[in-house]
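The following explanation accompanies a protein model and is meant to be read alongside it. Please keep the sequence and the coordinates in view while reading.

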There are 2 protein chains.
Amino acid sequence: METTKDLQANPTAMSINTAVHAWQQQNKTIATLFDKYDAEVYEHEVAPGRNRADYLLGHLIASNDGLLPLLGFGDKLFPELDKYFAPNTEWSYDDYPTLPELKQKWEKLNSTLSVHFDKLPLNGWLGKHTRVSEEDFSVDPLRNKLAVLIGRTIHMGYHLGQLAFLNEKVAI
Amino acid sequence: METTKDLQANPTAMSINTAVHAWQQQNKTIATLFDKYDAEVYEHEVAPGRNRADYLLGHLIASNDGLLPLLGFGDKLFPELDKYFAPNTEWSYDDYPTLPELKQKWEKLNSTLSVHFDKLPLNGWLGKHTRVSEEDFSVDPLRNKLAVLIGRTIHMGYHLGQLAFLNEKVAI
């Protein structure tokens with residue numbers, strides 16, 4: 001990673017690192033939240049009739065794991081999770097991963113992504129992701145890898161808003 | 001705003017515009033959500049014992065209105081909203097703004113912020129916001145205006161995750 005001085009001299013690096021930093025913060029906030037309560041709390045629905053907290057963690061892992069192929073870094077680390085989150089698949093909580101397994105996957109995924117993020121050149125962040133065609137990208141260059149990163153950062157916030165309801169007293 | 005060609009030639013502009021675009025998208029998603037149901041639906045709590053949807057919209061307006069002073073653009077447009085969201089203030093839903101009033105404020109705020117965003121030079125986005133000292137900023141240049149924008153974008157996602165519960169059938 002660049003030093004502070006390098007960053008100040010390079011506004012593109014600074015802009016991208018600001019976004020990567022926001023990503024890392026959301027990652028940590030989720031890890032902290034899943035360390036906060038006793039394990040059985042995460043088997044509760046975040047609100048009546050809604051998803052269990054441990055299901056949302058699995059969903060976030062499966063979703064962010066998809067960044068590896070989407071950003072051109074390689075295959076998913078945990079394709080075995082897909083069956084729990086893909087539509088129309090049969091599964092039960094009897095064989096759903098345990099909280100320690102999920103937390104371990106979350107850490108492993110984030111350390112793997114960090115290595116790829118650090119190696120990606122600045123102009124790589126502004127290049128197209130793997131699910132947009134060259135033609136569509138030339139029309140809309142905002143469909144770049146940085147946009148994907150920011151979108152997934154917002155997506156973590158989205159589910160953090162739901163997970164906040166595990167706390168009975170949360171106000172806003 | 002820059003054209004696509006300008007953007008491709010200027011990676012800093014592209015990076016910042018990618019973040020501003022994500023901001024705009026969350027703005028629109030919220031506006032769309034508050035057009036989706038009959039007005040009385042937004043008087044429901046998003047989950048039992050949680051905030052009403054129209055309260056969350058007011059909170060997002062008051063929060064994003066704070067960007068005007070925080071980013072050095074000027075005073076808040078709607079300081080009269082603060083009493084509903086500041087801690088330890090007395091208020092009741094009897095005089096809480098109506099949904100049309102809140103929606104109008106949301107649009108007015110976003111068009112005002114857009115004008116300021118368009119005028120802010122690229123290096124302005126990487127400058128410090130008004131609540132960090134020069135000294136602290138020199139130690140951590142990621143405490144810049146762009147970081148504030150991304151943070152508030154995530155914050156909209158956070159409450160959108162809660163507002164999604166207005167839909168009884170939302171899955172994930």
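The paragraphs below treat the single chain, then the relation between the copies, then their interface.

This is a predicted model, in which local features need pLDDT of at least 70 and side-chain atom pairs count only at pLDDT 80 or more, whereas totals for chains, interfaces and linings use all residues. Residues are numbered from 1 along each chain as its sequence is written, chains are lettered from A and ligands numbered from 1 in the order in which they are written, and side-chain values use heavy atoms, with hydrogens and water left out.

Chain A contains 9 helices and 0 strands, where helices (H or I, at least four residues) and strands (E, at least two) are DSSP runs numbered from the N terminus. The C-alpha atoms of chain A fill a box of roughly 50 × 35 × 25 Å along the principal axes.

Helix α2 of chain A covers residues 11–33. Its 23 residues should span 33 Å at 1.5 Å a residue, and because the end C-alpha atoms are 33 Å apart, the two values agree; the expected span is 1.5 Å times one less than the number of residues. Asn10(A) caps the N-terminal end of α2(A), with a side-chain oxygen 3.1 Å from the backbone nitrogen of Thr12(A).

The same surface serves both, since 100% of the contact residues of chain A recur in chain B.

The contact (heavy atoms within 4.5 Å) takes 45 residues from chain A and 45 residues from chain B. About 3,600 Å² is buried between the chains, 71% of it from carbon and sulfur atoms; buried area is the accessible area (1.4 Å probe) that two parts lose on being put together, summed over both. Arg50(A), Phe165(A) and Ile172(A) supply 20% of the area that chain A buries against chain B, more than any other three residues. The helices α1 (4–9), α2, α3 (53–65), α8 (134–139) and α9 (145–163) of chain A each supply at least two residues of the side that touches chain B.

How values were computed. A polar contact is a pair of N or O atoms within 3.5 Å; within protein, one must be able to donate a hydrogen and the other to accept it, and residues adjacent in sequence count only if both atoms are side-chain atoms.
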